[in-house]
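Here is a friendly walk through one protein model. Please have the sequence and the 3D view open as you read.

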Amino acid sequence: MRSPRTEAPDAETQPARRHLGSALRRLDVRLAFAIASVALVGLLVSGMAISQILPGFFEEQTRDRLRSAIASTKLVIEVLADFERRNSGILETPELRDFVLQRAADVTAESLIPATVEMYNVEGQRVAHAEPPDTDALLAQGLRPDPQVGPVRDEFGLRITGDEVIPYTLVIRDAWTSRERTVGQVRGALLGTGAAALVVSLVVGLLVARRLTVPISRLRGAASRLGQGELSVRAAPSGIEEIDELAAQFNLMADRLSDSLRMLAADRDRLREFVADVSHELRTPIAALRMYTDLQRDGQVDEPTRNEFLDRSTEQLARLEWLSTNLLDLSRIEAGILPLDMRDGDLRDPVRATVEAHAGEADARGVALTSAVPARPVMLRFDRERMVQLLNNLVGNALKFTQRGGTVSVRLSEAADEVTMEVVDTGAGIPPEELPRIFERFYRGTNTGEARASGSGLGLAISRSIVEMHGGTIEVRSVVGEGSIFRVGLPRAGGPASAVRETAAQRQ
């Protein structure tokens, strides 16, 4: 078990550690360190290169100077020997020879190169030795004996007279050089410039990183605000291509999300209105059926009145059945499980059947209902029951919105690749602002009166779904006060799958 004394410092340092860890995980800090690491690596590589190359360069340079000093010393010896031979005619005595060699050594150490100069005879005895005369001045200049450079030696011969030559060995060692000072200066300069480069790289790295991370932070803030429900927030351009592309995708996502939420809100409002309307529609026949049942149970009605109640009850039951059927069809369409019984047939048949079925209603409303179909069969692959449902919805709507004395006409025509059905009426028409929404679910427009009250806003939505399930299109043209034209185009191929197969075959 740890003592409280050891636990307290850990507890105190935990927030600092978390803060440091959080800072190290930030993108701008990582980018700054990455750029600074490049400068640091360059500094280390330069330092290693200088440590490996520069000393060797100075050593080789010093050896070259020693070799040049060897050659110059031999030349000085020859000049001094010639001078003595001219004076005495001969270098026969050892003292004179040693004198010449010593003077040459002194000249080399004083004037040619600051180093130790030595000369040896054939027996290995040293006959001349010279050191730099003013070591204090050399030290003041920053020169030091270089122990890394070994001695340089060479053989030469001192001509006494005629053909007589005495061999000697010349050695120059411990040359004074500025290698240590120069290497130190280079290393100091390298460290100074490297430190400055490291600081500059950190500053530049932070600036560059901030240039990248600030737009990302703004985009993150926009995403956070969008997540909190601010649907109008959008990401602003940053001037960085990749981030701008990300911002464009974010804005596109936000636009689609806003549109989806607006559509959901609109659907919710329409659904709420639809539920209210359906509740009202259901309440009326249910209340009527209850009243008829209660009156008959009490036995207070005669036979004619009972028959009238039964007829009205039958009408209300039909109304309930119609509502339930439409709701069931809509739910099946929404779920994508509405079956189609696709068969080849004459499309004139459902047109005629629909006109005949609505003939009585048209007469009761005082509306002329006609049809115009080709003389020969219009063969197509379709679901007869759904096609009758489609035409019933269109013709029923046309009759509801056409005033007494008006006309409703169903027209059928065909072309090489398409069959067209049109339901034309001379009714009240549809306002232009309502045309884009006329096929939406639960939408019933702004028309008032009996026509709107008797509808549920499902007929045209179901009609559009039936047409699309057959691979066709439906559209409407209308002028207020003049009437409407609903046009349905069905491809000759039949359903969507057949259309796809036909298109593929044409491409091949």
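## About the model

This is a predicted model, in which local features need pLDDT of at least 70, side-chain atom pairs count only at pLDDT 80 or more, and totals for chains, interfaces and linings use all residues. Residues are numbered from 1 along each chain as its sequence is written, and side-chain values use heavy atoms, without hydrogens and water.

## The whole chain

The protein chain has 13 helices and 13 strands; these are DSSP runs numbered from the N terminus (helices: H or I, at least four residues; strands: E, at least two). Of its 508 residues, 36% count as buried, meaning under 20% relative accessible area with a 1.4 Å probe, protein chains only.

Contact means heavy atoms within 4.5 Å. Among contacts between residues at least 6 apart in sequence, 69% join residues at least 24 apart. The accessible surface comes to about 29700 Å², with 56% of it belonging to carbon and sulfur atoms; the areas come from the Shrake-Rupley method with a 1.4 Å probe.

## Thr177 in strand S6

Thr177 sits in strand S6 (residues 176-177). Thr177 counts as buried because its relative accessibility is 8%. Setting aside neighbours within four places in sequence, Thr177 contacts Thr62, Arg65, Gly142, Leu143, Arg144 and Asp146.

## Helix H12

Among the buried residues of H12 are Leu460, Ile462, Ile466 and Val467. After H12 comes Gly471, with a positive phi near 80 degrees.

Methods:
Buried means under 20% relative accessible area, exposed over 50%, partly exposed in between (1.4 Å probe, protein chains only).
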